[in-house]
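Here's a quick briefing to read alongside the chain on your screen. Keep the 3D view open and follow along.

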Amino acid sequence: MNASADWEELVSTALVGTDRRPLPGERASEVELLGRAAVHTLRMRAGRRPVAPGEPPSLAAPEEQPEVSRAAGDRLARVLGGEQPRLLTEWLETAAGRGYRLSPHLLPELLDHAVRDRSIRPYLGVLAGNRGRWLAGLNPAWGFLLEEVTGVAVTGPATGPATDSGPTSQVWEFGTSGDRRVHLGELRAADPARARELLAATWEKESPDDRAAFLEALTTGLSLEDEPFLESALDDRRREVRHQAADLLTRLPGSRLALRMAERVARYVTVAGGEIHVDPPVACDSAMERDGIRAKAPRGTGERGWWLQQAVARTPLGVWPRLLGRSPGELVRMKIVDWNREVMAGWVRATVLQGDPEWALELFAWDPIADLLAALPRDRQEIVAADFVRRHGLDGQLIMVLGGAAAPWGPALATAVLQKIIDVSGTQPWNLGELTKLAGERVDPALHDMAGRLSAEPSIQEVAALLRFRDDMLKELTQ
């Protein structure tokens, strides 16, 4: 019986019981069944059978990264075991950012976890080290690791030598997709023109998925020098590539795409009698589609409004004050005849895409959403978020907005959130769960003493305890 069939037989027997479904050829007890399952599980996690009988696997390459401390590894094991499981991503992100690798005994469980949770895979590309990649070559279920990046931007000190200084040009020719993304990103940060030229040289040979992923690297150091290459990418066969190129060109007010969009909206939108009047496009032609406007509207959305919204979203925000003679604040507060929802939605999308803080502040007052908050500078973001927390009741929108506030939260936002917990604890204690968890996960953990002294309210003490857990966790990752 092969390994897969053997495992399925064990599972079937365990489900119905050994009395009703004995294992083939024997009368095993439940204890014997569990013993066989344990042995089989160990065999499966150890990897796969050698290609030929008696042929040993190749050895893993020597490690180059420092290993996490014993205390940090023990805490990760506790998190994986169910203690504060929502902190797993923070632990992994911090450890990967510092260039560490995991202790070997932690690899199988974490790789199994990554089979189910794709979001943690990029961190494992760093943390697994050479041992993890060796294991991935033995176990097909862990093969995803071979496609993850190996480079890492170290953000703090590590107890040992730094990670590899970066992939060489050979990685661009022979490396995995993940390694090539790292190489392109590092080169883009150091020499934007050279990175663009490297990508252009192999562009036609790249897969559609890689072309879309590689374009994201051009966000760093984006300038009008990139405009000819991105303009040509608008003719790509893959829709995702065209839209990625259009998004980047939208951030360049002097690009040809930006000028074409400005000409379009000048025909659609005017001001008269203190109101904004709109005459949306009546058709979506091939030129509009090339510039990133999708012809097919979502179900329940009118075509003209859909085309209008996209055109507004791809128009540089600086066009509107010149075109309509009003400041962003005045435009947001003006009456828009008939097409208010579409125009405002387009402005929101444009603001998020272009990261314009003035428009973000004005639009957040109209529609407080997390993406607009995230477009504000860090110091301003915290002030606006704290004010929103004080004025707004505890509901789903408050939780979503706080999700857009960059962590760690400083004293102003932390105080506002903790005071909200105190206020609500007397009236809706059953409604505090998510806010309490969010505070414990997002407040600067160095503020745990402040939180603990603020109130004896159990929810506040719960937040303080989680902050102390995180503070200890992060300190262990600097040892």
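**A loop residue to start with**

Gln84 sits in the loop between α3 (70-80) and α4 (88-97); helices here are DSSP runs of H or I with at least four residues, strands are runs of E with at least two, and both are numbered from the N terminus. This is a predicted model, where local features need pLDDT of at least 70, side-chain atom pairs count only at pLDDT 80 or more, and totals for chains, interfaces and linings use all residues. Residues are numbered from 1 along each chain as its sequence is written, and side-chain values use heavy atoms, with hydrogens and water left out.

- Gln84 has a positive phi of about 50 degrees, although it is not a glycine.
- You'll find Asp338 in the loop between β3 (335-336) and α19, and Asp338 counts as exposed because its relative accessibility is 70%.
- Ala407 and Pro408 are joined by a cis peptide bond, with omega about 0 degrees.
- Pro408 belongs to the loop between α23 (396-402) and α24 (411-425).

**The whole chain**

- The protein chain has 27 helices and three strands.
- Out of its 479 residues, 46% count as buried.
- Its accessible surface is about 24,000 Å², and 53% of that belongs to carbon and sulfur atoms (areas come from the Shrake-Rupley method with a 1.4 Å probe, and for residues only the protein chains shown count as cover).
- Take the contacts in the chain with a separation of 6 or more: residues 24 or more positions apart account for 66% of them (contact means heavy atoms within 4.5 Å).

**The three-stranded sheet**

- The three strands make an open sheet in the order β1-β2-β3, with mixed pairing (two strands pair if DSSP finds at least two bridges between them).
- Its edge strands are β1 (269-272) and β3, each of which pairs on one side only.
- β1 and β2 run antiparallel and are joined by four bridges, with Thr270 standing opposite His277 in β2.
- Those two strands, β1 and β2, form a hairpin with two residues between them, and Gly273 in the turn has a positive phi of about 60 degrees.
- β2 (residues 275-278) and β3 run parallel, joined by two bridges, and Glu275 stands opposite Lys335 in β3.

- Two packed helices are described by the angle between their axes and the distance between the axes.
- Helix α16 (residues 303-313) packs with helix α19 (residues 340-354) at an angle of about 30 degrees, and their axes are 7 Å apart (axes are lines fitted to C-alpha atoms, for helices over the stretch in contact, and angles run from 0 to 180 degrees between N-to-C directions).
- On the α16 side, the residues that meet α19 include Gly305, Leu308 and Val312, while Ala345, Trp347 and Leu353 are among those on the α19 side.
- The residues of this contact divide into eight nonpolar, four polar and two charged (Ala, Val, Leu, Ile, Met, Phe, Trp, Tyr, Cys and Pro count as nonpolar, Asp, Glu, Lys and Arg as charged, and the others, Gly among them, as polar).

**A buried aspartate**

- Asp471 is found in helix α27 (residues 458-476), and Asp471 counts as buried because its relative accessible area is 12%.
- Leaving aside neighbours within four places in sequence, Asp471 is in contact with Pro445, Ala446 and His448.
- Asp471 and His448 are 23 residues apart along the chain, and their C-alpha atoms are separated by 8.0 Å.

Terms used. Buried < 20%, exposed > 50% of the residue type's maximum accessible area, 1.4 Å probe, protein only.
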